[in-house]
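Have the sequence and the 3D view ready.

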Amino acid sequence: MITGFDWSILGAPLLAGMIVVSTHVVFGREVLRRGIIFIDLTIAQVAAVGVILAEMLELGAQQGWQVQAAAGLAALTAASLLAWTERNWPLRQEALIGSLYVVAACAAILLLANNPHGHEHLAELLAGQILWVNHAQLLPLAVSSALILLAWFFGHRWRSRMFYFLFAIAVMASVQVVGVFLVFASLILPALACAGLPDRRGLVIGWVIGLGGYALGLWLSVPLDLPAGPLIVCLLATLALLFTGLRRLT
């Protein structure tokens, strides 16, 4: 039975989704403009490998600063590498991004191969555990997202140079909260729906689609007893398709 939105359970996850969408719609439009669609999956996967390594080495508790630092270091290393390859082999950039994703995904599988809970942990990193987000996790995510948006909107001169690094920080901050799949969906699906629209209108519509997908997915996941992350991805895709259809009719 579908009931009202339970803010006591879903309030923190919804706020997390709002924060993630705030940066990811911005970067999703830039990713489409640059034609490097799979960079989000790649950076998210590399950050996940950083998390796995930190936990294997017992550097700190899950969600601790040591694990966050490992994820950040991995993501920034990947960003530095991709910034370098873009300067040196721009025509091969998408192939190199895809190759890095495959290598990182296989590295994650190998690192967890002898872990009795490896399958569950890998599934958790991919699909996320957004329903278990708590308010303590929101502050660092909100602060990092606010700083990223300030740097992006007020650093016009350095946007091109900063892109990979700001993107890596945004993905690193969100991948442990929402998982690899939701990172990709939050970046690409709203951006695809509003592709070609003017910046201001495109951003607003992208944010509405993103927030709508998170709100509906979280709301329906409880009574339907379905994993919130995959359900949100499917609803983001549905809303993006509906808006695209409306654009074609008008």
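How much space lies in the largest cavity? About 30 Å³. This is a predicted model, where local features need pLDDT of at least 70 and side-chain atom pairs count only at pLDDT 80 or more, while totals for chains, interfaces and linings use all residues. Residues are numbered from 1 along each chain as its sequence is written, and side-chain values use heavy atoms, with hydrogens and water left out.

Rolling a probe the size of a water molecule over the atoms shows where empty space is left. On a 1 Å grid over the protein atoms alone, a cavity is a set of points where a 1.4 Å probe fits but cannot get out, a pocket is an open set with protein on both sides within 12 Å along at least five of seven lines, and lining residues have an atom within 4 Å of a point. The structure holds one cavity of 30 Å³ or more. Its lining includes I19, V20, L141 and A170. Helices α1 (7-34), α6 (135-154) and α7 (159-178) each supply at least two of the lining residues; helices here are DSSP runs (H or I, at least four residues) numbered from the N terminus. The lining has six nonpolar, five polar and no charged residues.

Now look at how α7 meets its neighbours. α1 and α7 pack at an angle of about 140°, with their axes 10 Å apart. That makes α1 oblique to α7, since angles under 35 degrees count as roughly parallel, over 145 as roughly antiparallel, 65 to 115 as roughly perpendicular and the rest as oblique.

Finally, find the largest pocket, with a volume of about 300 Å³. Of its 13 lining residues, V26, R29, E30, R33 and D199 are the closest to its centre. α1 gives the most to this lining, with five residues.

Notes: Points joined across faces, edges and corners; volume = space filled by probe spheres on them. Nonpolar A, V, L, I, M, F, W, Y, C, P; charged D, E, K, R; others polar. Axes fitted to C-alpha atoms, helices over the stretch in contact; angles between N-to-C directions.
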